[in-house]
Structure formats: C-alpha cells, structure tokens
Amino acid sequence: MDKSLHYTLCHLDKNDFYKGTFGFSIGLYVLSKGPEFTDTFFMLLSGKEVPFIQWFHHVTTFLYCWHAYSVGSSALNFAASLNYSVHVIMYLYFTLAEAGLKSVVKRFSMLITTTQLIQFIYGSFLTFKLIYHKFADRNLPDNCSGTPWDAANIQLFIVLANLYMFTKFFYNAYIKKKPAKTASGTKEKKN
C-alpha cells in the first residue's frame, strides 16, 4: 500500500513472504491449489469428461505456485491476490449452484467468466511489466530480483495460455451464435 508498483513487482521481503499474516496468506494460497483438484476428481468419479481448460488450468497453476513459493517470487504476491479475489466469487457461485440454487445463480455465469478474464488480462499486464523491469534494471545492483527469471517466464506462459483459453471459452459460451433447433429436433445454423 505504501510502496510503488515497481517496488512491489521487483522486490521480495522474505520475512513477509514466509512469515507473519501475509506469509500465512501466501502459504495458504499455495496449499489451496491441491484441494482445487477436488472438483476435477468428482467429475472423473461421476463419469463426466474433464475439459482441457480445467485440468490445464489446475495443473499448471498448482505447479507454478509450488515452484514460485519454493524459490520466492514477488510475482506470486500479485498472482495470489488476483486469484484469491476471483476464487471467492467463483466458489461462492459453485457452492450456491450445488446447494440447489443453480437457477438463481445461473444468470451470473457470464460475470464469473468475465472476472476470470479480467484476472488474466491484469495478470498479463503485471507479468509483462515485471519482465520489462527485469530487462530495464538488469545493470542496477538490485536488478528487479524479487522474481527469478524461470518463475517470471513460467508465469508469463501460464497467464497468456489461460487468457487465450478463457477468451475462447467466453466467446463460445456467450458470443458465438448457437444453432437453433428445428421442429424435427435437428440443429440449424443462425445467420
């Protein structure tokens, strides 16, 4: 709150990252990536097909978070903040839907996907800004060392891949015209 965006992106205070209230929150965030596989597990048990977007997102995010936490990454700070914010809304939606209120919350499904897209857009912006600072500061003594290059590159790949997949999902789910059913029950394309 009292430092610049550059400072936040480029510096990692390991005392805050691994200890205290903030460290506890980051630790819980990293640990939460394991239980997020629960919905995938239940889908498999029920015989449902797990979409590529779901398992890719869960597996890559799990691996990235554990790696970024183990090496210490200032980028994990903003990734966790963005992801926590979206997941609070998203898991509340899923909880209410599973509690029998699916018809009530269904109208918010587009909003949920929109918040996910905003997360990936803003996450891409911050990751590009981090990488820019790592290049620009490379000859300075501190050289934006809060995130190692491998963690920055992995985060860039994951955030761009998710941005692409969630944009495609959003387009197919909410924008693309779906074929209308004819009286015989077959689908015909809308013009």
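In the predicted model, residues 24 or more positions apart supply 70% of the contacts in the protein that have a separation of 6 or more. The protein contains eight helices and two strands, and the order of these elements from the N terminus is α-α-α-α-α-α-α-α-β-β. The C-alpha trace spans about 70 × 35 × 30 Å along its principal axes. Of the 191 residues of the protein, 37% count as buried.

Two helix pairs were examined. Two packed helices are described by the angle between their axes and the distance between the axes. Helix 5 covers residues 52–71 and helix 6 covers residues 74–105. The axes of helix 5 and helix 6 come within 11 Å and cross at roughly 140°. An angle has to be over 145 degrees to count as roughly antiparallel, and helix 5 and helix 6 are therefore classed as oblique to each other. The crossing of helix 5 past helix 6 is left-handed. On the side of helix 5, the contact is made by His57, His58, Tyr64, Cys65, Ala68 and Tyr69, and on the side of helix 6 by Ala75, Leu76, His87 and Tyr91. By class, the residues of this contact comprise seven nonpolar, three polar and no charged.

Helix 7 is formed by residues 109–136, and helix 8 by residues 149–175. The axes of helix 7 and helix 8 come within 9 Å, with a crossing angle of roughly 150°. Helix 7 passes helix 8 in a left-handed crossing. The residues in the contact of helix 7 with helix 8 divide into 18 nonpolar, 10 polar and one charged.

Ser124 lies in helix 7. Its relative accessible area is 5%, so Ser124 is buried, the cut-off being under 20%. With neighbours within four places in sequence left aside, Ser124 is in contact with Val159, Leu160 and Leu163.

Ala152 belongs to helix 8. With a relative accessible area of 0%, Ala152 is likewise under the 20% cut-off and therefore buried. Apart from neighbours within four places in sequence, the contacts of Ala152 are with Thr127, Leu130, Ile131, Lys134 and Thr147. Among them, Thr127, Leu130, Ile131 and Lys134 have numbers within residues 109–136, the range of helix 7. Ala152 and Leu28 are 124 residues apart along the chain, and the C-alpha atoms of Ala152 and Leu28 are separated by 21 Å.

Charged pairs were also counted. Side chains of opposite charge can pair when their charged atoms come close. The count of salt bridges in the model comes to one. This salt bridge joins the side chains of Glu36 and Lys33, with an N to O distance of 2.7 Å. Both Glu36 and Lys33 are buried.

How values were computed: Residues are numbered from 1 along each chain as its sequence is written. This is a predicted model: local features need pLDDT of at least 70, side-chain atom pairs count only at pLDDT 80 or more; totals for chains, interfaces and linings use all residues. Side-chain values use heavy atoms; hydrogens and water are left out. Axes are lines fitted to C-alpha atoms, for helices over the stretch in contact, and angles run from 0 to 180 degrees between N-to-C directions. Helices (H or I, at least four residues) and strands (E, at least two) are DSSP runs, numbered from the N terminus. Angles under 35 degrees count as roughly parallel, over 145 as roughly antiparallel, 65 to 115 as roughly perpendicular and the rest as oblique. A crossing is left-handed if the near helix is turned anticlockwise from the far one by less than a right angle, and right-handed if clockwise. Contact means heavy atoms within 4.5 Å. Ala, Val, Leu, Ile, Met, Phe, Trp, Tyr, Cys and Pro count as nonpolar, Asp, Glu, Lys and Arg as charged, and the others, Gly among them, as polar. A salt bridge is a side-chain nitrogen of Lys or Arg within 4 Å of a carboxyl oxygen of Asp or Glu. Buried means under 20% relative accessible area, exposed over 50%, partly exposed in between (1.4 Å probe, protein chains only).
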